[in-house]
Amino acid sequence: FLDERYDLWVSRSPEWQSYLGIKDDNDKWDNYSPEHIAESLELARTTITDIEAFDYDTLDHQAQLSFQLYKAEMERIITWDRFRYYDYKVNQMYGVQSDLPAFLINIHRVDTVEDAEAYVARLNGIPQSLTYAMDHMRTARGLGILPPKFVFDHVLRDIDNVVSGRPYDDSDEDTALLEDFRSKVDALDITADNKTNLVTRAERALLD
């Protein structure tokens, strides 16, 4: 039961899959829409109901421990939703302005042409991830939840770092994302023309 439910949660998170080395959805980002969050909450509630259907007293010690831990985890997911807007989507420590590039650079592996195409797809999917974050921040602002003012200069600096270099200006150096993509594609055993085509698609994705 726990293996099946774990696989179900993993299937709902393309980013988690990438951390685990699973490439089923490595052309996608996580879905932070209100609808998807509501589905996750319902899944947590359903999981609690399902796990409570087991006869706890007949489980061995390890199974009882797993029962308690997993139920507590589902309860934590449900409880945390009350505080959904109390985090800062961008701040001086982390946030979409740095997390998305860092994920592609450090987590997204490119072992094949398909992996490189998935990287480009994720570049093209960044606007949707940013939209989720901005919608979240607007709602939080409406609730009076704002990060300290000193945070903004750090966030703007992070953003400037992400968009400094080719293809955004006439610099001799690539942006961190383009440099990462180019180096990963260069390591593939494919023709020079195919490498150039992939890099051109990545540049277009970054610009668009």
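Y6 counts as partly exposed because its relative accessibility is 35%; buried means under 20% relative accessible area, exposed over 50%, and partly exposed in between, with a 1.4 Å probe and protein chains only. Y6 is found in helix α1, residues 2-11. Helices are DSSP runs of H or I with at least four residues, numbered from the N terminus.

Together with W16, Y19, L20 and I22, Y6 makes a nonpolar surface patch of about 470 Å². Such patches consist of residues with over 30% relative accessible area and no salt bridge, nonpolar side chains (Val, Leu, Ile, Met, Phe, Trp, Tyr) being joined within 5 Å. Accessible areas come from the Shrake-Rupley method with a 1.4 Å probe, and for residues only the protein chains shown count as cover.

## Basis of the model

The model is predicted: local features need pLDDT of at least 70 and side-chain atom pairs count only at pLDDT 80 or more, whereas totals for chains, interfaces and linings use all residues. Residues are numbered from 1 along each chain as its sequence is written, and side-chain values use heavy atoms, with hydrogens and water left out.

## Salt bridges

A search of the whole structure finds 19 salt bridges, each defined as a side-chain nitrogen of Lys or Arg within 4 Å of a carboxyl oxygen of Asp or Glu. One of them joins the side chains of D115 and K23, at 2.6 Å from N to O. This pair links distant parts of the chain, with D115 in helix α6 (residues 113-142) and K23 in the loop between α2 (14-19) and α3 (34-52), 92 residues apart. D115 is buried, with a relative accessible area of 4%, while K23 is partly exposed at 32%.

The side chains of D111 and R109 also meet in a salt bridge, at 3.0 Å from N to O. D111 counts as partly exposed at 40% relative accessibility, and R109 as exposed at 53%. K23, R109, D111 and D115 are linked in a network of salt bridges. Elsewhere, E73 forms a salt bridge with R76, their closest N and O atoms being 2.9 Å apart. E73 and R76 are separated by about one helical turn because they lie three residues apart in helix α4.

In soluble globular proteins, nonpolar side chains tend to be buried together. The largest nonpolar core here has 20 residues, and those with the most contacts inside it are L104, A116, Y119, L123 and F181. At least two residues of this core come from each of α5 (96-106), α6, α8 (176-186) and α9 (192-207). A second, separate core of eleven residues includes W9, I37, L43 and I48. A nonpolar core is a set of buried Ala, Val, Leu, Ile, Met, Phe, Trp, Tyr and Cys residues joined through side-chain atoms within 4.5 Å.

## Aromatic pairs

The structure holds eight aromatic pairs. Rings of Phe, Tyr and Trp (its six-membered ring) pair if their centres lie within 6.5 Å; planes under 30 degrees apart count as stacked, over 60 as edge-to-face and the rest as tilted. The rings of W29 and F103 have centres 5.4 Å apart and planes at 55 degrees, so this pair is tilted. W29 lies in the loop between α2 and α3 and F103 in helix α5, 74 residues apart. Both W29 and F103 are buried. Ring pairs link Y19, W29 and F103 into a cluster.

Note on methods:
Patch = residues over 30% accessible without salt bridge, like charges linked within 9 Å, V, L, I, M, F, W, Y side chains within 5 Å.
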